[in-house]
Amino acid sequence: MACLPAVDKLPGDFQSGPMSKLRIGILGTGGMGGTHAERFRSNPDVEIAALCDVSAEILERFVQRTKLGEHPQPPQLFTDPAAMFREAGLDAVAIITPHTLHYDQAMLAADAGLHVFMEKPMVTSAQQAHALAARFKGTGKIFTIGYNTPCSPVFDWLRTAIRHRTLGRLELVSGYLAQGWMKITAGSWRQDPKLSGGGQAYDSGAHILNSLCWSVESDIAEVFAFIDQHGTPVDINSSINLRFTNGAMASIVVSGNCPADGAAMHFMFENGRVDIDGWSGEWINVWEGGTKVANPVISGRKQTPDDNFVDAILGRAEPRTSLQNGIVHSELMDAIYESARTGQPARPKRAATKTAGH
């Protein structure tokens, strides 16, 4: 039996010395804003120095809900992102706002010289993604995206296996993500294309699509997709077929009208198969040849994207995501919507020349 690949270093493998806390601002205090606030508050290297949202009332409710006002140094409150960037003395910002606002807010953060943690999706068009990458090029600032799986040891193992062809060449990938998204987001900004940029495929579907692209590390050659809006303004169900430039092919379905949440992916190689949790990277099953590997050697510890962002800023980890992942994802989504609109295969525009993993 061939040796299974070792994983790349994960954030927990790095050490650092004592230093002052990073001052992080949170832009957007909705439901996910609370999740990220809790993660940053749990990190001993972070001070949540400022919060920003559209009204003082929303901010006050958030402070009460999260109990951030009880800290010895409560965060400053702002209703204007530019003012927060200018006045709060931040090192970094976490942008947790509706999707179509991401681009302008990230550009403001670049102007302010901040590191950026961006909730997924990074932006809502390939044109914006390339422009953002050009703006941050040469700044030396960390830019990561809050995808679920890149900080998980099982996906690091999978990507290493694909890179080194431990199970032979990757040939096919299938996967699904199911969620009762249509009902739980009814009436919210997530079903308003002016704020969301798209539906379930761009929202929760971003996780499984990034899991695919992050693992395979190849540009996408061609996409053929169908979508069903279920009478809403955005996509609810999607069926996506694609071919990578390295020859691998994939078929992913994203369900937004299923009460049984779940996600799984199946990677089929010349000499084996990997089944894996495509949503959060909690589990993996490996076959080498026709034999299931009883205990694949997978090291490292799972980490939140927030902690990886902090470790990357402090120089004790490599960022697990980057602007390049946002570019590949945006190019894919543009092609998905073009194919669904025209009924024809679509080729991603201005495909990046670098691989998706870096």
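**Reading the model**

Mentor: Start with Arg347, which lies in the segment after H11. Helices (H or I, at least four residues) and strands (E, at least two) are DSSP runs, numbered from the N terminus. This is a predicted model: local features need pLDDT of at least 70, side-chain atom pairs count only at pLDDT 80 or more, and totals for chains, interfaces and linings use all residues. Residues are numbered from 1 along each chain as its sequence is written, and side-chain values use heavy atoms, with hydrogens and water left out.

Trainee: Is Arg347 buried or exposed?

Mentor: Buried means under 20% relative accessible area, exposed over 50%, partly exposed in between (1.4 Å probe, protein chains only). Arg347 has a relative accessible area of 52%, so it is exposed.

Trainee: Which residues is Arg347 in contact with, leaving aside its neighbours within four places in sequence?

Mentor: Contact means heavy atoms within 4.5 Å. Arg347 touches Ala221, Glu222, Arg243 and Ala335 in this sense.

Trainee: Now helices. Which residues of H5 are buried?

Mentor: H5 covers residues 126-136, and its buried residues are Ala126, Ala129, Leu132, Ala133 and Phe136. They lie on the same side of H5 because they cover an arc of only 125° around the axis. That arc is taken from the directions from the helix axis to the C-beta atoms. Exposed Gln127 and Ala134 sit on the face turned away from the buried side. The cover over the buried residues includes helix H4 (102-111) and helix H11 (323-342).

Trainee: And strands? In what sense do S7 and S11 pair?

Mentor: Two strands pair if DSSP finds at least two bridges between them. S7 (residues 170-178) and S11 (residues 262-269) have eight bridges, in the antiparallel sense. S7 also pairs with S10 (residues 249-255), in the parallel sense, over seven bridges. Look at Leu177: Ala263 stands opposite it in S11, and Val254 is its bridge partner in S10.

Trainee: How many salt bridges are there?

Mentor: A salt bridge is a side-chain nitrogen of Lys or Arg within 4 Å of a carboxyl oxygen of Asp or Glu. The count by this rule is 17. One of them joins Glu217 and Arg159 (3.8 Å, N to O). These two are 58 residues apart, with Arg159 in helix H6 and Glu217 in the loop between H9 and S8.

Trainee: Which residues are linked with Arg316 in a network of salt bridges?

Mentor: Asp45 and Asp311. The closest N and O atoms of Arg316 and Asp311 are 2.5 Å apart. Arg316 is buried at 11% relative accessibility, and Asp311 is buried at 5%.
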